[in-house]
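Biologist: Hi! Could you walk me through this structure in plain words?

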Amino acid sequence: MSSFIGAIDQGTTSTRFIIFTKQGTMLSSYQKEHRQIYPKPGWVEHDPLEIWERTQEVIKRGLEFASIEANQLAAVGITNQRETAVVWDRRTGKPYHNAIVWQDTRTAEICKQIGGDTGQDRFRAKTGLPLATYFSGPKVKWMLDHVEGLRADAQAGHALFGTIDTWLIWNLTGEHVIDVTNASRTLLMDLAALSWDQQLLAEMGIPAQMLPEIRPSSDPGFYGMTRRDGPFGTGIPVCGDLGDQQAALYGQTCFSPGEAKNTYGTGCFMLMNTGTTIIPSNRGLLTTLGYQIGERKPIYALEGSIAVTGALVQWLRDNLGIIKESPEVETLAASVEDNGGIYFVPAFSGLFAPYWRSDARGAIVGMTRYTNKGHVARAALEATAYQTREVLEAMNKDSGVELKALKVDGGMVVNQLLMQFQADMLGVPVVRPRINETTALGAAYAAGMAVGIWSDEKELRQNWQVEQEWQPQMDSEQAKMLYHGWLKAVTRTFDWVD
């Protein structure tokens, strides 16, 4: 059997295809961005057909760059932006509406209505999630309520719902499936039973026949074989599927309870493995599926989700124009000694963990005539580290485990200034692995486990190696003072939307 594994990493801003070896090294990688569509303030959409086109392109180019044929791949894994919702016609393959992205806030009123007198925690015991605009179930309800003819087609069995992994697997294989991690982000799945919940479907008015079959994250029975008329041109088992943050948890080899990782991408997502135990959060975290390998018991996790981190750097580039390329933010931030007394709270889509405030909006506070663009850039980077500290403190208290070090990955971890400030804010070492593409690697690991490329997770641990480590250097009292200023700044964003 070939030892090459292909991984499709479909993210919020781009799609990439990476081919990995058995040693976990990258043979090739190809990436393509797709459009961000903003029809109204707070609305964020993607074109599912454009995403499928990009996926086909990166697969073909990735194979070319690797100089291998598709039939040399042993399997394919998929990882994806998780809560983004797609509804399409099974007869034509055409979407009824643009995909509604996880950042979109249009379902705020739906969530409020469903919560009723109980509020956002009405279904938390069953789903591990608050009723929030973040999750895909309310997005499906919005489409059913607003897209003409959709509800009738859904009731007739013509309309299919899926997150982006489901959409891609359907186009690749013709199968309508979703893995447990993505299903756990819909607000429609019972966290313990790993099945769609009839009460939740009824509350949101979603016909059960729209929903995909829930399967393990690593499936030895395969989700399906790739179509010969698709981008691979041959039949390859698609058998690994995890939401992006769970894929990074698996790719970072966080296999033991108490191990945690933080991914710095468009948003920032910290996950801690809690083993086979479902741990409810009392501090604004999410209880979610970590992964499920074959028929083994599912592994759960606590998650802290931050809506805007890397997206803030993009905003400085695209909306303010104070940098031309994203990497320039580090140079600009380093042009000043500190943040000049300002804080940048990027509540563009409200605040996620640990607040879950959809009424919040972004703010820069503490400005004086002394403030310059260097301070703004530095405050933007520091915002990521402050938000991560908030999540980590909540995670330590919920789990009862004090984290000794934080494994990090994602596009922002090449930023030396940010990673050092992160270690200073947390007071623990921050560790970056040699292979930074841990999201795609996790999907490859899940697929490879299904077809026997790796026999167990001990083998996967042997692939993990440290590339760089940042130790805390800042005086703890100074760190405490800076963090106190951040907590005060956050309160200034509350109650902005009536």
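Modeller: Happy to! The structure holds one cavity of 30 Å³ or more. On a 1 Å grid over the protein atoms alone, a cavity is a set of points where a 1.4 Å probe fits but cannot get out, and a pocket is an open set with protein on both sides within 12 Å along at least five of seven lines; lining residues have an atom within 4 Å of a point.

Modeller: This is a predicted model, where local features need pLDDT of at least 70 and side-chain atom pairs count only at pLDDT 80 or more, while totals for chains, interfaces and linings use all residues. Residues are numbered from 1 along each chain as its sequence is written, and side-chain values use heavy atoms, with hydrogens and water left out.

Biologist: Thanks! How much space lies in the largest cavity?

Modeller: The largest cavity has about 90 Å³ of space. A volume here is the space filled by probe spheres set on the grid points, which are joined across faces, edges and corners.

Biologist: And which residues lie nearest its centre?

Modeller: Ile306, Leu351, Phe352, Ala353 and Gln387 do, out of 16 lining residues. Strand S18 (299-306), helix H12 (373-399) and helix H16 (476-491) each give two or more residues to that lining. Helices (H or I, at least four residues) and strands (E, at least two) are DSSP runs, numbered from the N terminus.

Biologist: What classes does the lining of the largest cavity have?

Modeller: Twelve nonpolar, three polar and one charged. Ala, Val, Leu, Ile, Met, Phe, Trp, Tyr, Cys and Pro count as nonpolar, Asp, Glu, Lys and Arg as charged, and the others, Gly among them, as polar.

Biologist: Zooming out, how many helices and strands are in the protein?

Modeller: The protein has 16 helices and 23 strands. Its radius of gyration (taken over C-alpha atoms) is 22 Å, close to the 23 Å from the globule rule for 498 residues, so the protein is as compact as a globular protein of that length. That rule is 2.2 Å times the number of residues to the power 0.38.

Biologist: Is Cys239 buried or exposed?

Modeller: Cys239 is buried, because its relative accessible area is 0%. Buried means under 20% relative accessible area, exposed over 50%, and partly exposed in between (1.4 Å probe, protein chains only). Cys111 counts as buried too, at 6%.
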